[in-house]
Structure formats: structure tokens, C-alpha cells
Amino acid sequence: MKTWALVAKAIETHGRCAVVSVVQTSGSAPRDAGACMVVTPEGFHGTIGGGALEWRALAEAQAMLAREPATKTTAHALGPELGQCCGGRVDLRTEVLTADALAKVRTLAEKEGAGENRRLYLFGAGHVGRALVLALAPLPFDVHWIDSRPDAYPSAVPRNVTLRPAPDPVAELGTSPDASLVFVMTHSHALDLAIIDAALRHPPIAHVGLIGSATKRARFEKRLREAHVPEHRIAGLICPIGVHGIASKEPAMIAAATAAQMLMLDEQLRAAAYPVQTRARGQA
């Protein structure tokens, strides 16, 4: 959910809104810190986990909207206080924002829109590449789909996909943003190796995946060591790709397993940067 865009629209429409954020959790909780809900006099967008906690927070936020702008932090024991079976503890922050905050909210909305999706470089427009692009369509990735064959692409692609036909696919990594992902599945093992070599040497690339078997991985590791690629980067190469437990070789099945793995990597990277994200959300 693009929180700050919703907040800006709510202030423009209603003159004010409330933002309810999960500040901290302990034990079992329905949502993690950083989850939020935008509340207006007419309703709400987003969720902090549902159930009694959300309805109580919603009622309090709408009551606060009728008073002078304020900020309030509350602590909730989910089991004893609210009867929710998850039984953990959640700290909430509720803040009423008015037109005075609109300029700052719009700035946050612009930053949010520019940086929400993680850059993912997908090399190869074969059967698995096509299936993977469809699997990624609703997910939080900015997919740059790269192939040296311009006629390899389908006639239509999802909105989060940018087609990058390139005679030199390796060069496409030159401007990659920090914490990008690279997954390689081209029509050529030699091209796969060239891309993998470049990606592992490029610090902004957080994780590199390669379609193939354990035998292919062993062969690539040997060649990468001979080329003096750093050992810790070789060790981090993901090959075979996809979460464990799905044995099918059907393109759609490989795509589903790989999309799940990409989501796991994305969450790990977001968790590593989490303290900064939490402070940014709390400073609105």
C-alpha cells in the first residue's frame, strides 16, 4: 500500500486524516512493525491486522479526527485485553494530520512512489522467463527484462516490467541501484556465465540467481574461481533457483517457486534496512 499517497489524497479530500501505525510488537502479532492504516471520517484504507485491535484503533482514530490534531501512543495486550488468540503485544501510534502537513506528506509520497519496488534484472525471455514475468506481475518488483533477441518478447507485458532488448546484456547492470536482484536464464550457457561473473563483481547487486542443476553450479563455480571472482560472492550464488520442495520442471511451477524465493530475499533485504524505514514512517 502506498501510504503517503493515500494520506495526501485523504487530506486533500477531507482536510485531515489519521494514520495508525504499528510501532513495535512482541510475541505473536497479526502484523509487523511498520504496518499502517489511513483513517478518514468516511472509512479507512490498509490494515494493522484486523480483529478487535483494528476496530478499537479505528474507533479511537475517528474520535481523534473530531478533536484538535494530536498524536497518541497506546499499548495493547492482545490476549488479556482484546481476546485475540495470537496473544502478543502491539504498540500503536495514532497521528492526526491536517493541511499543515500536506507539503511534507506529498514529498514522502513522491519518495515512496519512486522507491517502493525492488529492482530485479531478469535475463532471458524463454519459457521460464515468460512464466516468471507473469508470476511477478502483482509483486513488489521493478522488473527489467533483458534479452539480446528483440523478437523473443511477448506482445504484451505487465505494468511492472520494462523491456530491455540489448545486444550486450551484461552492460545493462552498469546503473543498477543498491540491493538489486539478478536472475539469469538465457538461451546460452556462455552468456549465463558472462552475466553471472559481472553481477557477482558488482557491489550493488545483493543476490544473484542462476537457473540450472547442481552440476551446472559446480561447473560455473570452477570457472568463476579461475576468473578470481571473490569467494564469498561465489558462495552466495543461488543455483538451482526456487524454494525447496517443488520438483516439477514445468515453467509455471519453476516460476512460482522462484517468485516465492524472490519475495523471501526481498523481505530479508527490507528487514536489514528496517530501523531506517521505521523512523521514516514515524516522522510524518
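Lys222 is exposed, with a relative accessible area of 51%; exposed denotes over 50% relative accessible area, buried under 20%, and partly exposed the range in between (1.4 Å probe, protein chains only). The structure is a predicted model, in which local features need pLDDT of at least 70 and side-chain atom pairs count only at pLDDT 80 or more, whereas totals for chains, interfaces and linings use all residues. Residues are numbered from 1 along each chain as its sequence is written, and side-chain values use heavy atoms, with hydrogens and water left out.

Lys222 takes part in a salt bridge with Glu226, in which the closest N and O atoms are 2.6 Å apart. A salt bridge is defined here as a side-chain nitrogen of Lys or Arg within 4 Å of a carboxyl oxygen of Asp or Glu. Both residues belong to helix α6 (residues 214-226), and because they are four residues apart, about one helical turn separates Glu226 from Lys222. Helices (H or I, at least four residues) and strands (E, at least two) are DSSP runs, numbered from the N terminus. Glu226 has a relative accessible area of 46% and is partly exposed.

Arg225 and Glu231 also meet through their side chains in a salt bridge, with an N to O distance of 2.9 Å. This pair is part of one network, in which salt bridges that share partners join Arg217, Glu221, Arg225 and Glu231. Arg225 is partly exposed at a relative accessible area of 40%, and Glu231 is likewise partly exposed, at 43%.

In the whole structure, the search finds 16 salt bridges. One of them connects Glu12 with Arg106, and the closest N and O atoms of this pair lie 3.0 Å apart. The relative accessible area of Glu12 is 49%, which places Glu12 in the partly exposed class. Arg106 is partly exposed as well, with a relative accessibility of 41%.

A further position examined is Ala59, which lies in helix α2 (residues 51-65). Ala59 counts as partly exposed, at 46% relative accessibility. Ala59 and Val39 are 20 residues apart along the chain, and their C-alpha atoms are separated by 9.5 Å.
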